[in-house]
Structure formats: structure tokens, C-alpha cells
Amino acid sequence: ESCAGRSRAKSSNVISIDDPPSPPTSFAATFNSLTCSGTVVLSWTPGASDRAIEGYILYENGVEICVISPTNSYSYATILQNNIRYTYSIEAESCAGRSTATRSRVISVGDPPSPPNSFAATFNSLTCSGTVVLSWTPGASDRAVERYILYENG
């Protein structure tokens with residue numbers, strides 16, 4: 001029998017790997033100094049990629065600090081040292097790989113403000129229960145003071 005005119009089927013295994021996802025956009029890093037230890041809040045917008053994002057990789061000073069599931073923000077509790085620059089970046093990850101890292105965001109925590117001057121506590125005995133009036137003048141620091149913390153017996 002002749003095989004002329006017949007074609008033989010070829011078997012081939014073709015694996016297609018998509019490009020990695022687009023990097024997140026609008027990446028921001030802010031420091032909340034009103035908590036005891038301080039919290040860095042990282043936020044972003046997913047990239048334009050239509051690929052399914054499996055997670056995000058967050059970096060502090062070039063070192064991976066965590067991998068989180070898909071979300072648009074992350075609060076990172078940390079203690080930042082004064083006068084040190086902290087750099088944050090993020091990558092998106094899908095089954096096809098990791099995106100390029102976003103442009104880094106820098107947080108720098110300066111020295112705390114100067115303590116208040118001329119602090120005085122005056123007791124006013126003219127009221128029924130007595131009132132203590134506290135007064136002070138701002139310190140010489142050029143930094144903005146967000147709040148004053150007052151202590152009693154300590």
C-alpha cells in the first residue's frame with residue numbers, strides 16, 4: 001500500500017508563557033508617627049496588565065519584607081530610626097513571573113521636635129474642685145509639632 005497523499009500527524013508540545021504582569025502604579029509610602037512604634041502604610045493601584053495577580057512582593061531598602069495576597073494597601077508596623085532613609089518598592093507576581101519593581105518611595109524620619117519651654121503648672125483654688133492650669137511656649141525646633149503629650153505624676 002502506498003502512503004502517497006496521506007499526511008502523518010506530528011505531535012508537539014507547545015508551552016506558551018505569558019509575559020509577567022505590569023508593575024503597580026501610584027505607589028505611595030507614608031509614615032504614621034502617631035502610633036507607638038510607627039507604621040508605614042504602603043498603597044498602590046494594580047498595573048494595567050490583564051493577567052491574574054497572585055500577590056505582591058514588598059521591599060524595604062532592597063530586601064524582601066513580605067509577600068501578600070492581592071490587595072491595594074498594606075500597613076507595615078516597624079520602628080524607624082531617626083535620620084535614616086528607608087526605601088520601599090513593590091512588584092506584582094503572577095504565574096508568569098514578577099513585574100519590574102516600581103519606582104522606589106523614600107521615607108526619612110527626622111529628629112523629634114525640641115521640648116516646650118517655660119512649662120508652668122498653676123493651681124487655681126477659686127473653683128470648687130480646684131483647677132490646675134498648664135502653660136508653655138513651643139520649643140526652638142523648626143519642625144512642626146503635631147501634638148503635646150502631658151503626664152501627671154510622672
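Predicted model: local features only at pLDDT ≥ 70, side-chain atom pairs only at ≥ 80, totals over all residues.
Reader: Cysteine 66, buried or exposed?
Author: Cysteine 66 is buried, at 14% relative accessible area. Buried means under 20% relative accessible area, exposed means over 50%, and partly exposed is in between (1.4 Å probe, protein chains only).

Reader: And cysteine 95, buried or exposed?
Author: Cysteine 95 is exposed, with 72% relative accessibility.

Reader: Change of topic. Which residues touch the most other members in the largest nonpolar core?
Author: Val40, Leu42, Trp44, Leu58, Leu80, Tyr88 and Ile107, out of 17 residues in that core. A nonpolar core is a set of buried Ala, Val, Leu, Ile, Met, Phe, Trp, Tyr and Cys residues joined through side-chain atoms within 4.5 Å.

Reader: Which elements give two or more residues to this core?
Author: Strands E1 (25-32), E2 (39-45), E3 (55-60), E4 (63-68) and E6 (85-94). The largest share, four residues, comes from E6. Helices (H or I, at least four residues) and strands (E, at least two) are DSSP runs, numbered from the N terminus.

Reader: What does tryptophan 44 touch?
Author: Leaving out residues up to four places away in sequence, tryptophan 44 touches Pro24, Thr25, Ser26, Phe27, Tyr56, Leu58, Ile68, Thr71, Asn72, Ser73, Tyr74 and Ile90. Contact means heavy atoms within 4.5 Å.

Reader: Charges next. How many salt bridges?
Author: Three. A salt bridge is a side-chain nitrogen of Lys or Arg within 4 Å of a carboxyl oxygen of Asp or Glu.

Reader: What is the N to O distance between glutamate 64 and arginine 98?
Author: The closest N and O atoms of glutamate 64 and arginine 98 are 3.6 Å apart. That pair links distant parts of the chain, 34 residues apart, with glutamate 64 in strand E4 and arginine 98 in strand E7 (residues 97-98).

Reader: Which residues form the nonpolar patch on the surface?
Author: Phe119, Phe123, Val132, Leu134, Tyr148 and Leu150, with about 600 Å² of accessible area together. Strands E9 (117-124) and E10 (131-137) each supply at least two of the patch residues. Patch residues have over 30% relative accessible area and no salt bridge, with like charges joined within 9 Å and nonpolar side chains (Val, Leu, Ile, Met, Phe, Trp, Tyr) within 5 Å. Accessible areas come from the Shrake-Rupley method with a 1.4 Å probe, and for residues only the protein chains shown count as cover.

Reader: Last one. What is phi for serine 26, and for serine 118?
Author: Serine 26 has a positive phi near 50°, and serine 118 has a positive phi of about 50°. Most residues other than glycine have a negative phi. Serine 26 is in strand E1, and serine 118 is in strand E9.

Note on methods
Residues numbered from 1 in each chain as written. Heavy atoms only, no water.
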